[in-house]
Amino acid sequence: NNLKNAYAIDENISISVAGGSNSGKFYTDHLRIYATDSPAGSITLTAAEGYKIESVSFKLVTGTYAFLQYNGATVTNGQVVEIDAASAVFKTVKNGSDGKQVRLLSVTITYVAA
C-alpha cells in the first residue's frame, strides 16, 4: 500500500506524500517516508479553501531514523508545530548513515476557519 496522492483526513484537511518509489509505503503500524529517495520524501498537509492549519504534531517511531523538518527546523516526536497557513510541507532529512526514513505512526492536526 502506498500513500502517493492526496487523501482526505476529513472534509477540510488532506495529506499527501511525495518522493521516490519507496516513500509512502505502509507497514504493519506505520508509514515510511524516505530521505534517501530521489527526490527525498516529504509530507504535505493542505486545508480546504476557507480554512487554515493552526498546528500539527507527529507521532513517530523513535530511534536512529531520519528527521522531519519544517522551514528548516527539525520536528521531534510529539512536538506541536505552529503553522498558521493553508498548507505545510515537512521534508525528510537523513540522520547520519543509518537514519534513512521517517516512520510515521499518526498525525494530529488542529485547524480553524480562516
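Let's start with Tyr51. In this predicted model, Tyr51 is partly exposed, with a relative accessible area of 29%. Buried would need under 20%. Now its partner. By the ring-pair rule, the count comes to 3 aromatic pairs. One of them joins Tyr51 and Tyr111: the ring centres are 5.9 Å apart and the planes stand at 75°, so this pair is edge-to-face. Tyr51 sits in strand S6 and Tyr111 in strand S11, so the pair ties together parts 60 residues apart in sequence. Tyr111 is partly exposed too, at 25% relative accessible area.

Next pair. Phe58 and Phe90 are also edge-to-face, 4.8 Å centre to centre, with 75° between the planes. Phe58 belongs to S6 and Phe90 to strand S10, so here the pair ties together parts 32 residues apart in sequence. Buried or exposed? Phe58 counts as buried, at 1% relative accessibility. Phe90 is buried as well, with a relative accessible area of 0%.

One more ring before we move on. Arg32 lies over the face of Tyr27, at 3.8 Å from the ring centre.

Now the core. The largest nonpolar core has 24 residues. Which of them have the most contacts inside it? They are Ile43, Leu45, Val56, Phe58, Leu68, Ile83 and Phe90. Several strands give two or more residues, among them S2 (13–18), S4 (31–34), S5 (42–47), S7 (67–70) and S10 (87–93). S6 gives the most, with 4 residues. As a rule, in soluble globular proteins, nonpolar side chains tend to be buried together.

Leave aside neighbours within four places in sequence. Phe58 is then in contact with residues including Ile43, Leu68, Val75, Phe90, Leu104 and Val107. Its list also holds Thr76, Asn77, Gly78, Gln79 and Ser106.

What about Ser57? Ser57 lies in S6 and counts as buried, at 15% relative accessibility. Leaving aside neighbours within four places, Ser57 is in contact with Gly78, Gln79, Val80, Ser106, Val107 and Thr108.

On to the sheet. In what order do the 5 strands of the open sheet come? The order is S3-S4-S11-S6-S9, and the pairing is antiparallel. S3 (25–26) and S9 stand at the edges, each with a single partner strand, so one side of each is left without a neighbour in the sheet. S6 and S9 run antiparallel, joined by 3 bridges. Within that pairing, Val56 stands opposite Val81 in S9.

Last stop, Gln79. Where is it? Gln79 is in the loop between strand S8 (73–75) and S9. Gln79 counts as partly exposed, at 30% relative accessibility. Gln79 and Phe58 are 21 residues apart in sequence, yet 7.1 Å apart in space, C-alpha to C-alpha. Not counting residues up to four places away, Gln79 touches Val56, Ser57, Phe58 and Thr74. A polar atom of the Gln79 side chain lies 2.9 Å from the backbone nitrogen of Thr76.

Technical notes. Residues are numbered from 1 along each chain as its sequence is written. This is a predicted model: local features need pLDDT of at least 70, side-chain atom pairs count only at pLDDT 80 or more; totals for chains, interfaces and linings use all residues. Side-chain values use heavy atoms; hydrogens and water are left out. A nonpolar core is a set of buried Ala, Val, Leu, Ile, Met, Phe, Trp, Tyr and Cys residues joined through side-chain atoms within 4.5 Å. Buried means under 20% relative accessible area, exposed over 50%, partly exposed in between (1.4 Å probe, protein chains only). Contact means heavy atoms within 4.5 Å. Rings of Phe, Tyr and Trp (its six-membered ring) pair if their centres lie within 6.5 Å; planes under 30 degrees apart count as stacked, over 60 as edge-to-face and the rest as tilted. A charge sits over a ring if NZ of Lys or CZ of Arg is within 6 Å of the ring centre and within 35 degrees of the ring normal. Two strands pair if DSSP finds at least two bridges between them. A polar contact is a pair of N or O atoms within 3.5 Å; within protein, one must be able to donate a hydrogen and the other to accept it, and residues adjacent in sequence count only if both atoms are side-chain atoms.
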